[in-house]
Amino acid sequence: MQETDTIFHRWYAAHRAGQRSVLATIVATEGSSYRKPGARMLISEDGQMVGAVSGGCVEQAVARQARQVFASAQPEIMAYDGRYRLGCNGTLYIFLELVQPLEPESLWQSYQSTYEGRRSFTIATTYRGAVSEQGSILVFPSSAVYSLNGQLMSSRGRDVALSFMAQPVAPQPASVDQVFVERIHPSPQLFIIGSEQDAIALAQLSTSLGWSVKLMTHPLHPLTVRGLDTVNAEPETLLDQLTVDEQTAIVLMTHSYSRDLGYLLALCELKALTYLGILGPQQRRDSLLSEVLERTRTLPSWLDETLYAPAGIDLGAELPAEVALSILAEIKAVFAHRPVSSLRNKRVAIHASSTPPV
């Protein structure tokens with residue numbers, strides 16, 4: 001949601017300044033492409049651009065096309081063939097529309113409430129239909145529905161988009177209305193329990209990606225780092241300071257066995273968790289789990305699948321920044337449901353080479 005949030009903030013700033021904006025959305029692709037359907041960028045009348053529909057090579061062409069949309073106030077779809085101009089051998093179909101909702105302040109408030117509450121919302125873009133029925137609608141969890149361009153609220157255009165949202169179907173011929181539907185989810189949320197250099201590096205790296213990050217430290221080892229959200233939390237009060245959803249990861253890296261054990265006991269009271277990482281070798285992990293089992297008599301069912309200990313992927317990390325990269329890459333892969341070579345699956349010591357020397 002980070003790119004979406006940047007776009008919303010830029011649109012609202014332009015709106016408050018009396019400027020119009022054009023939203024460009026990739027609605028379909030053919031062949032290979034750097035960005036996939038759902039990638040967006042916003043162009044303001046003063047020429048400012050946020051977001052991206054490629055690695056940087058298509059944006060100027062989209063900005064030029066946006067001038068026509070500003071002039072005509074009509075949505076357009078452009079096809080950008082990258083076979084001879086891009087590194088990707090594919091074509092992008094980019095829908096451009098003027099952002100002029102009928103209730104901009106209400107739209108902004110609905111978005112803010114959804115973002116701050118870490119809730120998902122839906123964007124449905126109808127294109128290749130009648131001009132009066134092309135455009136995007138936003139449906140928020142509060143059931144509020146907004147048209148981005150102020151033209152889509154004709155009953156047929158709105159019903160077409162809502163029907164696709166309820167039950168998406170395969171693309172139709174160009175003469176039939178087509179709808180691109182995307183569910184926008186909250187940005188990944190990461191709680192890092194620790195205060196050493198590797199914990200700070202992980203917090204800084206994940207923050208640079210736009211993730212929601214909180215660095216949690218023990219009151220006996222408090223920490224304040226400029227630019228990072230830090231909070232002191234004892235194991236007994238840890239759960240009071242956690243808001244856990246499907247996009248939440250927690251990494252335990254205090255470098256203290258007793259503290260890790262206390263925090264792990266608290267975390268085992270959670271009902272579910274997508275990713276729990278623990279720093280340290282397999283032997284330490286097994287010892288921690290054995291002590292938790294002795295004290296609680298049972299382990300949570302989610303632990304088998306979502307415990308990554310040792311945390312990180314097998315890239316030979318040693319320095320704090322490298323450890324941070326290893327762990328962050330694993331979390332990203334877990335959230336994206338992609339297989340990686342996790343250290344938890346390694347059958348030898350985590351710093352041992354996986355291949356014998358030549």
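**Close-up views of a predicted model**

**View 1. Five strands make up an open sheet in the order β3-β2-β1-β5-β4, with antiparallel pairing.** Strands pair where DSSP finds at least two bridges between them; strands (E, at least two residues) and helices (H or I, at least four) are DSSP runs numbered from the N terminus. Because β3 (49–51) and β4 (76–81) stand at the edges, each with a single partner strand, one side of each has no neighbour in the sheet. On average, neighbouring strands of this sheet are turned by 25° against each other, direction ignored. The model is predicted: local features need pLDDT of at least 70, side-chain atom pairs count only at pLDDT 80 or more, and totals for chains, interfaces and linings use all residues. Residues are numbered from 1 along each chain as its sequence is written, and side-chain values use heavy atoms, with hydrogens and water left out.

**View 2. Strands β2 and β3 pair in the antiparallel sense over three bridges.** L42 stands opposite V50 in β3. Helix α1 lies across β1 (21–31), β2, β3 and β5 (90–99) and runs at about 15° to β2. Contact here means heavy atoms within 4.5 Å; axes are lines fitted to C-alpha atoms, for helices over the stretch in contact, and angles run from 0 to 180 degrees between N-to-C directions.

**View 3. The largest cavity has a volume of about 150 Å³.** On a 1 Å grid over the protein atoms alone, a cavity is a set of points where a 1.4 Å probe fits but cannot get out, whereas a pocket is an open set with protein on both sides within 12 Å along at least five of seven lines; lining residues have an atom within 4 Å of a point. Grid points are joined across faces, edges and corners, and a volume is the space filled by probe spheres set on the points. Residues lining the largest cavity include W11, R40 and L42. Helix α1 gives the most to this lining, with four residues.

**View 4. E3 forms a salt bridge with R35, the closest N and O atoms being 3.0 Å apart.** E3 lies in helix α1 and R35 in the loop between β1 and β2, 32 residues apart. A salt bridge is a side-chain nitrogen of Lys or Arg within 4 Å of a carboxyl oxygen of Asp or Glu.

**View 5. The largest pocket holds about 900 Å³ of space.** Of its 26 lining residues, M1, E182, P188, Q247 and K332 lie nearest its centre. Helix α1 gives the most to the lining of the largest pocket, with four residues.
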